[in-house]
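User: I would like to learn how to read a protein model feature by feature. Please give the general idea each time, then the case at hand.

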Amino acid sequence: MPSRITDDVIGSLCEGDHPAFEVVYSELAPLVIGYLRSRGVSEPEAVCNDVFLALLKQLSRLTGGPSGLRTLVFSIAHARVVDELRARTRQPERTSYEPALDTRVTESAEQSAVLTMSTERIGQLLEQLPDDQRTVITLRVIADLSINQVAELLDRSPGAVKQLQRRGLLALRELLSYPDVTSAASPTMTELP
């Protein structure tokens, strides 16, 4: 089929004639989209629209009739391809995050300690803490409550809860440094060095 883009259509296009633009777009847009797809552009239709918007701004440099128009359109399209390829090298490809597929996830120190220690041993260690520290540790670690939630529950300030948690964790660390200590023969908190 012969091209509908003639010198008269190009002249009308340069004067801002909308029907002339429709002729040019309907004939060249499918070719531009095909070119963009073949070059791996992620959104060829959107880039094609951008090409024709840029064409409108550059009509003043148009020379060479229909052949010159085609050259100008594809030079703009090629520049958009190069721009996208450069942008890809600057920014890594974005993919959605799938937590189930993330192999980098490791368990926390708390999770590791809980899994390696028996429930009985954990109970023995917690029994050696003062009641308020034991309560805060169990609410924070086992119940997974926030500092503010524990403070509200115990009718204490968040700062007091943080202090009780810190003291309880330090006491547990100290107790864990005595691996042979059992609940029957364990020193009380006041007997620890």
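Analyst: The turns below go through confidence, fold, core, salt bridges and aromatic pairs.

This is a predicted model, in which local features need pLDDT of at least 70 and side-chain atom pairs count only at pLDDT 80 or more, while totals for chains, interfaces and linings use all residues. Residues are numbered from 1 along each chain as its sequence is written, and side-chain values use heavy atoms, with hydrogens and water left out.

User: How should I read the confidence, and what is the mean pLDDT of the protein?

Analyst: pLDDT is the predictor's confidence in each residue, on a scale from 0 to 100. Here the mean is 83, and 82% of the residues reach 70 or more. By element, helix 3 has the highest mean, at 94, and helix 5 (residues 109-116) the lowest, at 64. In residues 182-193 the pLDDT falls below 50; this stretch has 16 contacts in the model beyond near neighbours in sequence. A contact means heavy atoms within 4.5 Å.

User: How many helices and strands are there?

Analyst: Both are DSSP runs numbered from the N terminus: helices are H or I over at least four residues, and strands are E over at least two. The protein has nine helices and zero strands, giving the pattern α-α-α-α-α-α-α-α-α along the sequence. For contacts between residues at least 6 apart in sequence, 52% join residues at least 24 apart.

User: What share of the residues is buried?

Analyst: Buried means under 20% relative accessible area, exposed means over 50%, and partly exposed lies in between, with a 1.4 Å probe and protein chains only. By that rule, 29% of the 193 residues are buried. The accessible surface is about 13,100 Å², with 54% of it belonging to carbon and sulfur atoms. These areas come from the Shrake-Rupley method with a 1.4 Å probe, and for residues only the protein chains shown count as cover.

User: Which residues touch the most other members of the largest nonpolar core?

Analyst: In soluble globular proteins, nonpolar side chains tend to be buried together. A nonpolar core is a set of buried Ala, Val, Leu, Ile, Met, Phe, Trp, Tyr and Cys residues joined through side-chain atoms within 4.5 Å. The largest one has 27 residues, and Val24, Val32, Leu36, Phe52, Leu55, Leu69 and Val73 touch the most other members. Two or more residues come from each of helix 1 (7-14), helix 2 (18-38), helix 3 (44-57) and helix 4 (65-90). Helix 2 contributes the most, with eight residues.

User: Taking one of these, what is Leu69 in contact with?

Analyst: Apart from neighbours within four places in sequence, Leu69 is in contact with Ile5, Ile10, Leu13, Val24, Leu28, Leu55 and Leu62.

User: How many salt bridges are there?

Analyst: A salt bridge is a side-chain nitrogen of Lys or Arg within 4 Å of a carboxyl oxygen of Asp or Glu. The count comes to four. In one of them, Arg37 is paired with Glu45, their closest N and O atoms being 2.4 Å apart; Glu45 is partly exposed at 39% relative accessibility.

User: Where do Arg88 and Glu84 lie relative to each other?

Analyst: They are four residues apart in helix 4, about one helical turn, and their side chains form a salt bridge at 2.6 Å, N to O. Arg88 is partly exposed at 40% relative accessible area, whereas Glu84 is buried at 16%. Another bridge joins Asp131 and Arg134 at 3.1 Å, N to O. Both residues lie in helix 7 (residues 131-142), three residues apart, about one turn of the helix. Asp131 is exposed at 52%, while Arg134 is partly exposed at 25%.

User: How many aromatic pairs does the structure hold?

Analyst: Rings of Phe, Tyr and Trp (its six-membered ring) pair if their centres lie within 6.5 Å; planes under 30 degrees apart count as stacked, over 60 as edge-to-face and the rest as tilted. The structure holds four such pairs. Among them, Phe21 and Phe52 are edge-to-face, 6.2 Å centre to centre with 85° between the planes. Phe21 lies in helix 2 and Phe52 in helix 3, so this pair ties together parts 31 residues apart in sequence. Phe21 is partly exposed at 21% relative accessible area, while Phe52 is buried at 2%. Tyr25 and Phe52 also form an edge-to-face pair, 4.8 Å centre to centre with 65° between the planes. Tyr25 is in helix 2, so its pair with Phe52 in helix 3 ties together parts 27 residues apart in sequence. Tyr25 is partly exposed, at 30%.
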